[in-house]
Amino acid sequence: QGLSVAAATQARDEAARIADALLFSRATGHDDPFVAVHIVAAGESLNAIARKYQHTEELLASINKLVDPNRIMVGARLKVIRGPFYAFIDKTAHRMDIFVGDVLVRSFRVGLGTNGGTPTGTWVVQDKLRNPEWTDPNTSRHYLADDPDNPIGERWIGLNGVEGECVGRLGFGIHGTVDPASIGENLSMGCVRLLPQDVAFVANLLVCNNSR
C-alpha cells in the first residue's frame with residue numbers, strides 16, 4: 001500500500017524471487033512458519049500428505065524433485081508447505097496475487113470479462129480439470145480435450161461463489177487461453193484467463209474446497 005506502480009511491481013518481483021528460493025525449492029530453514037519436514041510413515045501416500053498440509057500433491061512432488069510420485073519410501077524426509085494458498089484478483093490492474101498466509105508469493109497478469117462481466121466476491125475452488133472439453137455457449141461449437149483451438153486451454157479451475165456478487169453465479173472459473181493478447185484485457189465471457197504456464201502453476205497451488 002502506498003507504493004508507486006513501479007515500486008509495487010519491483011516488490012512483487014522480489015517477493016516471487018524470495019518464494020522461489022525459500023518456498024518452491026528444496027530449501028528448509030529454522031523457525032519458518034510456512035515450511036516443515038514430514039517423515040513418511042508406513043501406508044502414507046503423497047496425496048494424503050499433501051491434504052494434511054493443505055496443498056496439492058503436484059506441488060509436493062515438485063518441491064521435493066520426486067522422480068516417481070507414486071513411490072515414496074517409508075522414513076523419507078519431505079519438505080512440505082503449510083497451506084492453503086489463495087488468490088486475490090485486482091480487476092482494475094488485471095492482476096492475480098497469490099498468497100500463503102499473509103505472504104505474497106506470486107503475481108500474474110489476467111484477462112477478465114467484457115463490460116465488467118467477472119463477478120466480484122469470495123469464491124472457493126470447486127474442481128480442477130486437465131485438458132477439459134468445452135462447448136462455446138454462444139456458437140454451440142464443442143471442443144474436445146487436447147484440441148489446440150480450445151479457447152480455455154489445458155487447465156480449468158472451477159469456482160463456487162460463497163460471498164458477495166458471485167453467490168449463485170454458475171460456470172465461472174480460472175483457465176488458460178489460446179489468445180495471449182487477451183491477457184490484461186476485458187475480453188472473456190466472465191472467467192479469469194491466464195497464460196498457459198501461469199494457469200498450470202496456479203492449478204498446482206490451489207486446493208479444491210479449501211483455496212479461495
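Is Arg-106 buried or exposed? Arg-106 is buried, with a relative accessible area of 15%. Keep that residue in mind as you look through these close-ups of a predicted model.

**View 1. Arg-106 reaches a partner from a distant part of the chain.** The side chain of Arg-106 forms a salt bridge with that of Asp-20, at 2.7 Å from N to O. Arg-106 belongs to strand S5 and Asp-20 to helix H1, and 86 residues separate the two. While Arg-106 is buried, Asp-20 counts as partly exposed at 37% relative accessibility. Side chains of opposite charge can pair when their charged atoms come close.

**View 2. Asp-90 and Arg-95 take part in a salt-bridge network.** Their side chains meet at 3.7 Å, N to O. Asp-90 is partly exposed, with a relative accessible area of 24%. Through shared partners, salt bridges join Arg-12, Asp-90, Arg-95 and Asp-97 into one network. Across the whole structure, a search finds five salt bridges.

**View 3. Four strands make an open sheet with mixed pairing.** Follow the strands in the order S7-S10-S11-S13. Strands S7 (122–130) and S13 (192–193) stand at the edges with a single partner strand each, so one side of each has no neighbour in the sheet. S13 pairs with strand S11 (residues 173–175) in the parallel sense, over two bridges. Look for Ile-174, whose bridge partner in S13 is Val-192. Helix H4 (residues 196–203) packs on the sheet, where it touches S7, S10 and S11, and its direction makes about 60° with that of S10.

**View 4. The largest nonpolar core has 31 residues.** Those touching the most other members include Phe-24, Phe-85, Ile-157 and Ile-174. Among the elements that give two or more residues to this core are helix H3 (57–63), strand S3 (85–90), S7, S10 and H4. A second, separate core of eleven residues includes Ala-36, Val-40, Leu-78 and Val-80. In soluble globular proteins, nonpolar side chains tend to be buried together.

**View 5. Ile-157 has contacts in several stretches of the sequence.** Among the residues Ile-157 touches are Val-125, Asp-127, Gly-173, Ile-174, Val-199, Val-202 and Leu-206.

Key
Residues are numbered from 1 along each chain as its sequence is written. This is a predicted model: local features need pLDDT of at least 70, side-chain atom pairs count only at pLDDT 80 or more; totals for chains, interfaces and linings use all residues. Side-chain values use heavy atoms; hydrogens and water are left out. Two strands pair if DSSP finds at least two bridges between them. Contact means heavy atoms within 4.5 Å. Axes are lines fitted to C-alpha atoms, for helices over the stretch in contact, and angles run from 0 to 180 degrees between N-to-C directions. A nonpolar core is a set of buried Ala, Val, Leu, Ile, Met, Phe, Trp, Tyr and Cys residues joined through side-chain atoms within 4.5 Å. Buried means under 20% relative accessible area, exposed over 50%, partly exposed in between (1.4 Å probe, protein chains only). A salt bridge is a side-chain nitrogen of Lys or Arg within 4 Å of a carboxyl oxygen of Asp or Glu. Lists of a residue's contacts leave out its neighbours within four places in sequence.
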